Amino acid sequence: MKKSAKHLPDNQSEKGAIAQIKNRQYTEKLAAYEGNILLVGVNYDKDSVEKKHTCVIEAW
């Protein structure tokens, strides 16, 4: 089973979200986990009627 560390920052790019996950060392809580870890960065325009979003997924 795969687990992921996620964070949805406001007003930041999806790549910025991945950088924040790494910089704040959120993955340290999963140090004992031996499976695959995916970092997921999501950015969305909350003011948009269509609620468009972008996403980046990175293996850790």
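Of the 60 residues in this chain, 25% count as buried, where buried means under 20% relative accessible area, exposed means over 50%, and partly exposed is in between (1.4 Å probe, protein chains only). The accessible surface of the chain is about 4700 Å², and 49% of that belongs to carbon and sulfur atoms; such areas come from the Shrake-Rupley method with a 1.4 Å probe, and for residues only the protein chains shown count as cover.

Keep in mind that you're looking at a predicted model, where local features need pLDDT of at least 70, side-chain atom pairs count only at pLDDT 80 or more, and totals for chains, interfaces and linings use all residues. Residues are numbered from 1 along each chain as its sequence is written, and side-chain values use heavy atoms, with hydrogens and water left out. The pLDDT is the predictor's confidence in each residue, from 0 to 100. The chain averages 80, and 82% of the residues score at least 70. Among its elements, strand β1 (residues 3–7) has the lowest mean pLDDT, 52, while β3 has the highest, 91.

Now for the layout. Helices (H or I, at least four residues) and strands (E, at least two) are DSSP runs, numbered from the N terminus. Contacts with a separation of 6 or more are worth a look too: 42% of them in the chain join residues 24 or more positions apart, with contact meaning heavy atoms within 4.5 Å.

Next, zoom in on helix α1. Its buried residues are E14, G16, A17, I18, Q20 and I21. Just after α1, Q25 takes a positive phi of about 55°.

What does E14 contact, leaving aside its neighbours within four places in sequence? The list is G41, V42, N43, T54, C55 and V56. E14 is buried yet has no salt bridge, and the nearest side chain of opposite charge, K15, is 6.0 Å away. Here Lys and Arg count as positive and Asp and Glu as negative, while His and the chain ends are not counted.

Side chains of opposite charge can pair when their charged atoms come close. A salt bridge is a side-chain nitrogen of Lys or Arg within 4 Å of a carboxyl oxygen of Asp or Glu. The structure holds one: K22 pairs with E58, their closest N and O atoms being 2.5 Å apart. K22 lies in helix α1 (residues 14–23) and E58 in strand β3 (residues 53–59), so the bridge ties together parts 36 residues apart in sequence. K22 counts as partly exposed at 32% relative accessibility, and E58 is also partly exposed, at 26%.
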